[in-house]
Amino acid sequence: MALAMDTPLGKVVGPKTAKAMADQLSLHTVRDLLRHYPRRYARRGEMSRLEDLQVGDRVTVLAQVKKVSSRPMRQRRGTITEVTVGDGAGSMRLVFFNHRHAHLEVGAWGLFAGSVGKWQGDLQFTHPDCHVITGDDDDWARALVPIYPASKDVSSWVIQKSVKLLLDDERSLQQALDDPLPAPVRERHGLVPLATALRWKHRPESQEQVDSADERLKWDEALVLQATLAGRRRAAALEPGIARPRRAGGLLDAVDAALPFALTDGQREVGEELAAELAREQPMNRLLQGEVGSGKTVVALRAMAQVVDAGGQAALLAPTEVLAAQHARSLAAVLGPLGRAGELDGDPAGTRVVLLTGSQKAAVRREARAAVADGSAGIVVGTHALLQEGVEFADLGLVVVDEQHRFGVEQRDALRAKGNRPPHVLVMTATPIPRTVAMTVYGDLETSTLRQLPAGRGGVSSSLVPVREKPSWLDRAWERVREEVAAGRQAYVVCPRIGDLPGEKDDGPGGEDGAPPEDEKGGSDRRPPLAVLDVAEELRAGPLAQLRVEVLHGRMTPEDKEARMRAFAAAEVDVLVATTVVEVGVDVPNATVMVVMDADRFGVSQLHQLRGRVARGKHPGLCLLVSEAPATSATGQRLAAVAATTDGFELARLDLETRREGDVLGAAQSGRRSGVRLLSLLDDEHLIAEARVEATRLVEEGRGLADHPELAAAVAALALDDRADYLEKA
């Protein structure tokens, strides 16, 4: 039968097996099956490490039959057969009721798949799937036995046999394979042909063959991905935009003169980089990442002022109303009369700063929309409300997206589409990004980095408070809060949820950036996370009695949230008990202490963000990570690592190590496969960087991908496939 990569599996393995593969493993075509790689390899006697199995695991083991016995059952008619198998390191029991495998004889080797149970202290499989290896079964006599990700109805050996059908038909396979790697790329990097790589991956004779196959197949993934991103960068570079050059004596110069502090070297360097790109007709597409508190907002304001000077408008998109309001206040404070043009005390040489959110009163929202539409509002700050129909810009010249990881590319593009011509785009994140993530998830953007913090900051120290092991430390934590308040300063207490409602869905931790590693989330018997409303009440009645303790959370009305933040900023509140609504953008220099309750329920990057809310003034800060997790546990060690360093880039690496790579790529968020099976963001930085260089060369030389039809087809398939969602996340 002639094969093609898109041939349905039903024509290869039969309808029943094909349906099970599709339903349980999402394998539909020849391509899917060939790219369904073994998760590991086993040698006889070394495969399963039976001594390491845990009750509940669904596994496949390769073992030898050591003992077989049958006896009548006591409570009902029939027999029970018990088979003891071993792998040289451990043993387990197979149990069959009224069933005997004729080939399960002492000395036979076999593959056994099932869910691990326990009976009278011994591990066992009950009615496992069995595949006994015979002398004619040369596939299992190989040096390395491939063990595949399997399912209830599709065992590892069924997958192995199905793959063998494809690999044995060499002529059809060669015709079906479209090698996406151009020959010069393969030669430059010493990569084997695709057919060889697939054969060595699925039926290796040595570990060296597996390693060579992995290197080649990782290049497939990396080059297709990077060619997709290079194509996007190329298309963006060819878009006709509007140059927004700097104008002497304009708003930007006035902003620089009004700043109450000197710019850092990093801010100046990135500012010049942005200014040069804004002055070009091709739209800027840039990611600005920086440490918490490194002054990204000031850099963005200077870029916005340059665009306003050139006759355009700038829109700043923020993920929450609290952050949007904070940005609007901060920009208005820096601009002063320059941000109130048209008002009685405004400077006519300036512009207007307008806030637009979904919860504003209708009259306020209408007035804001009118100012945006007629161009009198040069700087527009808002939430998702900016994306709604009816919000029209007179001349949108710059889109600034803050905390980009909370938005998708489609939302960024929805705002870009409101410009008469493609606007310049600046996306910002205070979550430092490892280089490999920047080259993949954010690979369609050029990257700028701010590492230097402004002078005069007090610095923050962090400590883990393991309350189960050291309960007195929590008492001391509240004493420290009281001491700081007595010295005239303020504190945050952060909790994972709001409270008061069963099964609530609120603004606590979670999502791509906030969730701790999957294996650290705990079981169903774990107590509910601590809640803002409960903790605030306990603090008022207990360790923080007589202090002014207030709450802030996402269920409050926008007016109440705004009033509460204003009161805290004005030092009318001593302690603010809040959810993660204070995670980003909140800037109260007098706040010096943060106590994070149930810190183990937050992700590494989220803890770093939260910690950045203190020590934003001249006084040193303190962040206390309160957790019931043992200090020696994986969770405790993760929290200790956060406490040990304030280097966001080091923590970003730790965050990548402790989270599943699929989460980073967005696959878990979308519920779909990521399409990246072998490539590791942790281990393959050098390979990804080389693939980026090669992809850029291929896209920009000659006729681009038209000169490389196999690679172009792979890129097109990815673009049409909903598995490309991981490229659409931000």
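Student: Which strands do the four bridges join?
Tutor: They join β19 to β20, residues 575-578, and the two strands run parallel. Keep in mind that this is a predicted model.

Student: What's the bridge partner of Glu550 in β20?
Tutor: Leu576.

Student: And which strands does helix α19 touch?
Tutor: Helix α19, residues 558-569, packs on the sheet and touches β18, β19, β20 and β21. Its direction makes about 140° with that of β19.

Student: Back up to the sheet. What's the strand order?
Tutor: β17-β22-β21-β18-β20-β19, six strands in an open sheet with parallel pairing. The edge strands are β17 (460-466) and β19 (549-552), each pairing on one side only. From one strand to the next, the twist averages 20°.

Student: Which strands does α16 lie across?
Tutor: Helix α16, residues 471-486, lies across β17, β18, β20, β21 and β22. It runs at about 160° to β21.

Student: New topic. How many aromatic pairs does the structure hold?
Tutor: One. The ring centres of Tyr492 and Phe568 are 5.0 Å apart and the planes are at 55°, so the pair is tilted.

Student: Where do the two residues sit?
Tutor: Tyr492 is in strand β18 and Phe568 in helix α19, 76 residues apart, so the pair links distant parts of the chain.

Student: Buried or exposed?
Tutor: Both Tyr492 and Phe568 are buried.

Student: Last one. Which residues of α21 are buried?
Tutor: In helix α21 (634-644), they are Thr635, Gly636, Arg638, Leu639, Val642 and Ala643. They cover an arc of only 160° around the axis, so they lie on the same side of α21.

Methods: Residues are numbered from 1 along each chain as its sequence is written. This is a predicted model: local features need pLDDT of at least 70, side-chain atom pairs count only at pLDDT 80 or more; totals for chains, interfaces and linings use all residues. Side-chain values use heavy atoms; hydrogens and water are left out. Two strands pair if DSSP finds at least two bridges between them. Axes are lines fitted to C-alpha atoms, for helices over the stretch in contact, and angles run from 0 to 180 degrees between N-to-C directions. Contact means heavy atoms within 4.5 Å. Buried means under 20% relative accessible area, exposed over 50%, partly exposed in between (1.4 Å probe, protein chains only). The arc is that of the directions from the helix axis to the C-beta atoms. Rings of Phe, Tyr and Trp (its six-membered ring) pair if their centres lie within 6.5 Å; planes under 30 degrees apart count as stacked, over 60 as edge-to-face and the rest as tilted.
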